[in-house]
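Subject: Structure handover

Hello,

Here is the structure we talked about.

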Amino acid sequence: MRAMHTSPEHPLLSTIVDDLATRGWSQQALFLPLELVGALAAECRRRHAEGELNPAGVGRGAAQEVREAIRGDQIQWIDPGQAEPCDRYLELMDNLRQAINQGLFLGLEDFECHFALYPPGAFYRRHLDRFRDDDRRMVSVVLYLNECWQPEDGGQLRMFLADDVEHDVQPEACSLVVFLSGEVPHEVLPANRERLSLTGWFRRRGNDPF
Ligand code: OGA
Ligand code: MN
């Protein structure tokens, strides 16, 4: 069982829950202090330098394959206990998970996340964050780690919203985007410089009968 809160609740969690309830997505320009985001970026770069990032696959399980014509990023999954800044982020995401459950009754059970590094020129074609054979992903969360990103650097997250509205998000450090995984198609436009992020998903329990 979880101990009492040791730190005050993050002030933006209820705004994010309200945004999800009313329109299915939320964007926060300053979700975390630069000190923590810089430490996460350094951890991502360290893992990359040590060869720990691998080309991302498309699909799930046995059906998974690497297809650079669809996505060209390199990733590494994050586990608790590996690095202090990652643990701080995981703890905060657990608070967000509980806030979403209280507000939206989604029954989110866990959070999985990975670092992602897009080398210059890499992109991720339009997709939904749900797999045909696995519909446990309910809410997607992306934290960006890139200081001083310029519009001409490319690499925007393009979200395809209701009424044919397209919304672009600059992958600027400290920005967070949250959206319903099964309802918001999106793509990552090609970037002209290295693009780092931490991408994760809140999942509900699987539908197995036991
Ligand atoms: C993904 C994804 C978006 C981004 O990894 O599924 O869509 O902006 N990432 O990095
Ligand atoms: Mn996605």
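The crossing of H1 and H3 is right-handed, a crossing being right-handed if the near helix is turned clockwise from the far one by less than a right angle, and left-handed if anticlockwise. Helices here are DSSP runs (H or I, at least four residues), numbered from the N terminus.

Before the rest, some notes on the source. This is a predicted model, in which local features need pLDDT of at least 70 and side-chain atom pairs count only at pLDDT 80 or more, while totals for chains, interfaces and linings use all residues. Residues are numbered from 1 along each chain as its sequence is written, chains are lettered from A and ligands numbered from 1 in the order in which they are written, and side-chain values use heavy atoms, with hydrogens and water left out.

Helix packing

Two packed helices are described by the angle between their axes and the distance between the axes. Axes are lines fitted to C-alpha atoms, for helices over the stretch in contact, and angles run from 0 to 180 degrees between N-to-C directions.

H1 (residues 13-23) and H3 (residues 84-104) have axes that come within 9 Å and cross at roughly 45°. H1 and H3 are therefore oblique to each other (under 35 degrees is roughly parallel, over 145 roughly antiparallel, 65 to 115 roughly perpendicular, and the rest oblique).

H2 (residues 34-49) packs against H3 at about 120°, with the axes 9 Å apart. This pair is also oblique, but the crossing of H2 and H3 is left-handed.

Ligand

Residues around ligand 1 include Tyr 124, Asp 129 and Trp 201 (near means a heavy atom within 4 Å). Polar contacts are pairs of N or O atoms within 3.5 Å. Oxygen atoms of ligand 1 lie 3.2 Å from a polar side-chain atom of His 127, 2.6 Å from one of Tyr 144 and 2.8 Å from one of Arg 195.

Regards

Terms used: Helices (H or I, at least four residues) and strands (E, at least two) are DSSP runs, numbered from the N terminus. A polar contact is a pair of N or O atoms within 3.5 Å; within protein, one must be able to donate a hydrogen and the other to accept it, and residues adjacent in sequence count only if both atoms are side-chain atoms.
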